[in-house]
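This briefing looks at how one protein chain packs its residues. Please look over the sequence and the structure before reading on.

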Amino acid sequence: MDKKAQLIHKKALELGYEKCGIIPVEMMSGYEEKFHERTQKIPGSQPFYQGQERLLKFKEEYPWAKSIVILVKPYSKYEVPESLNGHIAKHYLMDTRVNESTTEFQNSILLEQYMQELGMRTAVNRKFGIVGVRWAALQAGLGIIRRNNFFYTESGSWIGLEAFLVDCEMELIEETKLKPCPPNCDRCMKACPTQSLCEAYAMNPLKCVSFLTTFGGRDLLNEPLAAEFGDWIYGCDICQDVCPMNHGTWGGTEKFPKLEELADVVTIENILNIDEEIYKEKIQPKFFYLAPDELWKWQVNVLNYMNNHFDQTYISAISEARNSKYPKVKEMAAAICLKREIS
Ligand code: SF4
Ligand code: SF4
């Protein structure tokens with residue numbers, strides 16, 4: 001094994017990463033074909049993937065890059081607060097990509113510094129990735145992609161992937177021992193509430209609850225799929241929760257930094273009352289898929305939940321939301337009042 005690769009691998013494991021692989025940038029050549037295959041299979045998904053085309057062009061922006069260091073960060077050791085369980089996807093609750101108060105974020109900085117001390121030039125995009133991370137992790141033999149499109153290691157799919165570009169030629173490839181999905185299993189596809197996961201290894205991201213409750217779904221009132229969101233208000237874990245390959249993989253014993261204090265704030269009951277300044281200061285930096293001026297989107301998602309799970313206890317909250325300063329919240333609340341005959 002390459003000496004520098006060995007040192008990076010050792011350091012990464014010491015810092016708490018589950019796995020570390022290193023591939024030459026040339027091993028990303030098959031990614032472009034895979035990328036286009038997705039839009040060919042689901043033509044409607046093109047607008048979604050357009051925003052990710054930058055991942056195909058990393059060599060233009062970083063012509064000096066020779067290798068990709070790809071790392072696995074598990075998050076299943078953290079406790080999920082009861083009030084948020086099943087409403088906000090676990091990856092977003094335990095998101096360490098930009099959260100400086102987490103050990104994972106600090107360790108990512110330390111690892112980058114370490115590689116620089118070894119004399120390497122590095123580049124990383126911690127928020128949205130610098131290359132197609134699942135493809136890179138697959139090439140490095142760190143795990144497999146299952147029919148629900150998630151990347152799995154021995155920790156199941158409850159992991160984040162992080163990639164660094166480096167200017168040093170190295171290679172450190174593992175051989176995964178994970179078995180593929182059982183031949184007849186289609187639990188994830190059957191469980192998907194919007195048929196976003198319409199076939200194995202494919203999906204229509206524009207129909208995914210995760211997309212529709214975050215970047216997308218800007219007109220939920222006229223979105224037929226909004227009735228199918230179930231309990232979710234930000235993200236969706238269904239196709240991972242039902243997967244037998246995830247059974248027994250959630251440890252959930254450690255507290256995630258500052259999550260407890262949010263658990264009482266970002267609840268179904270409270271979101272409609274959240275003060276805009278509190279949202280900007282405490283909520284948005286963590287759940288950054290919605291912008292600082294998009295508290296209204298959280299509130300619309302909650303109104304949609306209240307409509308789908310209509311109960312007498314929600315009447316006053318829905319009724320009051322008709323006076324919201326946000327037009328989309330007002331509009332949604334008024335439509336529910338009309339439908340439910342709330343005066
Ligand atoms: S995250 Fe939810 S909506 Fe999206 S594909 Fe999985 S089950 Fe379907
Ligand atoms: S639910 Fe079954 S088919 Fe879907 S990813 Fe898990 S094992 Fe594979």
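Predicted model: local features only at pLDDT ≥ 70, side-chain atom pairs only at ≥ 80, totals over all residues.

Residues are numbered from 1 along each chain as its sequence is written, and side-chain values use heavy atoms, with hydrogens and water left out.

**Domains**
- The domain assignment gives domain 1 (3-166) and domain 2 (264-343); such bounds come from an automatic or database domain assignment.
- The centres of domain 1 and domain 2, taken over C-alpha atoms, are separated by 33 Å.
- Twelve residues from domain 1 and ten residues from domain 2 take part in the contact (contact means heavy atoms within 4.5 Å).

**Nonpolar cores**
- A nonpolar core is a set of buried Ala, Val, Leu, Ile, Met, Phe, Trp, Tyr and Cys residues joined through side-chain atoms within 4.5 Å.
- Buried means under 20% relative accessible area, exposed over 50%, and partly exposed in between (1.4 Å probe, protein chains only).
- The largest nonpolar core has 56 residues, and Ile-88, Val-266 and Trp-298 are among those with the most contacts inside it.
- Helix α14 gives the largest share of this core, eight residues (helices are DSSP runs of H or I, at least four residues, numbered from the N terminus).
- Domain 1 and domain 2 each supply at least three residues to this core.
- Beyond its neighbours within four places in sequence, Ile-88 is in contact with residues including Trp-232, Tyr-234 and Phe-287.
- A second, separate core has 28 residues, including Leu-55 and Ala-163.

**Helix α2**
- Tyr-31, Phe-35 and Thr-39 are buried in helix α2 (residues 29-41).
- These residues lie on the same side of α2 because they cover an arc of only 75° around the axis (the arc is that of the directions from the helix axis to the C-beta atoms).
- Ser-29, Glu-33 and Gln-40 are exposed on the other side of α2.
- The cover over the buried residues of α2 includes α3 (46-50) and α7 (133-139).

**Leu-259**
- Leu-259 is found in helix α11.
- Leu-259 counts as buried because its relative accessibility is 3%.
- Setting aside residues up to four places away in sequence, Leu-259 touches Glu-79, Pro-81, Leu-84, Leu-93, Met-94 and Lys-286.

**Ligand 1**
- The residues around ligand 1 include Cys-192, Cys-208, Cys-236 and Cys-239 (each has a heavy atom within 4 Å of the ligand).

Technical notes. Chains lettered and ligands numbered in written order. Helix = DSSP H or I, 4+ residues; strand = E, 2+ residues; numbered from the N terminus.
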